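Here are my notes on the model you sent over.

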Amino acid sequence: MQIKIINKSNHELPHYETIASAGMDLRANISESRTLKPLERSIVGTGLFIELPVGIEAQVRPRSGLAAKKGVTVLNAPGTIDADYRGEIGVILVNLSNEDFIINNGERIAQLVIAKHERAEWAEVNKLSTTDRGEGGFGSTGVK
């Protein structure tokens with residue numbers, strides 16, 4: 001699948017690192033380094049603009065290494081980019097660590113996953129079918 005992209009950054013286009021990679025790294029496109037203090041959040045631009053086909057979304061997800069090593073993650077993970085959005089891809093980063101985190105230009109800050117999605121039509125009813133789980137919510141399917 002081909003996706004139209006405008007790259008206003010001075011970084012290479014996102015790409016898959018391996019044949020089995022689901023995501024492509026997104027890089028910070030900032031004019032100067034930025035400090036993210038503990039529990040602070042910030043929208044970091046990438047300089048990328050995309051045109052997705054209808055039925056396709058782009059998901060902005062955390063990078064596991066950044067989360068594990070630095071405590072920095074994507075706040076609204078996964079962030080969804082809809083097919084009709086034409087603005088710059090921004091990443092909402094949050095610093096969940098106890099130390100300042102410095103974001104440098106070109107730093108890999110998130111990953112982008114391209115995915116198909118369905119559109120639903122609601123069928124309003126008065127009763128739903130029954131299941132063994134029933135109304136069991138959070139944690140209800142674990143071993144007892």
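The points below go from the whole chain to single residues.

1. Ground rules. This is a predicted model, in which local features need pLDDT of at least 70 and side-chain atom pairs count only at pLDDT 80 or more, while totals for chains, interfaces and linings use all residues. Residues are numbered from 1 along each chain as its sequence is written, and side-chain values use heavy atoms, with hydrogens and water left out.

2. Fold. The protein has eleven strands and one helix (DSSP runs numbered from the N terminus: H or I of at least four residues for helices, E of at least two for strands). Reading from the N terminus, the order is β-β-β-β-β-β-α-β-β-β-β-β. The radius of gyration is 19 Å, well over the 15 Å that the globule rule gives for 144 residues, so the protein is more spread out than a compact globule (the radius is taken over C-alpha atoms, and the rule is 2.2 Å times the number of residues to the power 0.38). Along the principal axes, the C-alpha atoms fill a box of roughly 55 × 40 × 30 Å.

3. Of the 144 residues, 33% count as buried (under 20% relative accessible area with a 1.4 Å probe and protein chains only; exposed is over 50%, partly exposed in between). Among contacts with a separation of 6 or more, 70% come from residues 24 or more positions apart (contact means heavy atoms within 4.5 Å). There are 17 positive and 18 negative side chains, and the centres of these sets lie 3 Å apart (Lys and Arg against Asp and Glu, without His or the chain ends; charges are placed at NZ of Lys, CZ of Arg, CG of Asp or CD of Glu).

4. Histidine 11. You will find this residue in the loop between β1 (4-7) and β2 (23-27). Histidine 11 counts as buried because its relative accessibility is 16%. Its side chain makes a polar contact with the side chain of asparagine 10 at 3.3 Å (a pair of N or O atoms within 3.5 Å; within protein, one must be able to donate a hydrogen and the other to accept it, and residues adjacent in sequence count only if both atoms are side-chain atoms). A polar atom of the histidine 11 side chain also lies 3.2 Å from the backbone oxygen of alanine 28.

5. Backbone spots to look at. Most residues other than glycine have a negative phi, and most peptide bonds are trans. Leucine 39, in the loop between β3 (34-36) and β4 (41-45), has a positive phi near 65°. Leucine 39 is exposed, with 64% relative accessible area. Alanine 77 and proline 78 are joined by a cis peptide bond, with omega about -10°, and proline 78 sits in the loop between β7 (72-74) and β8 (79-81).
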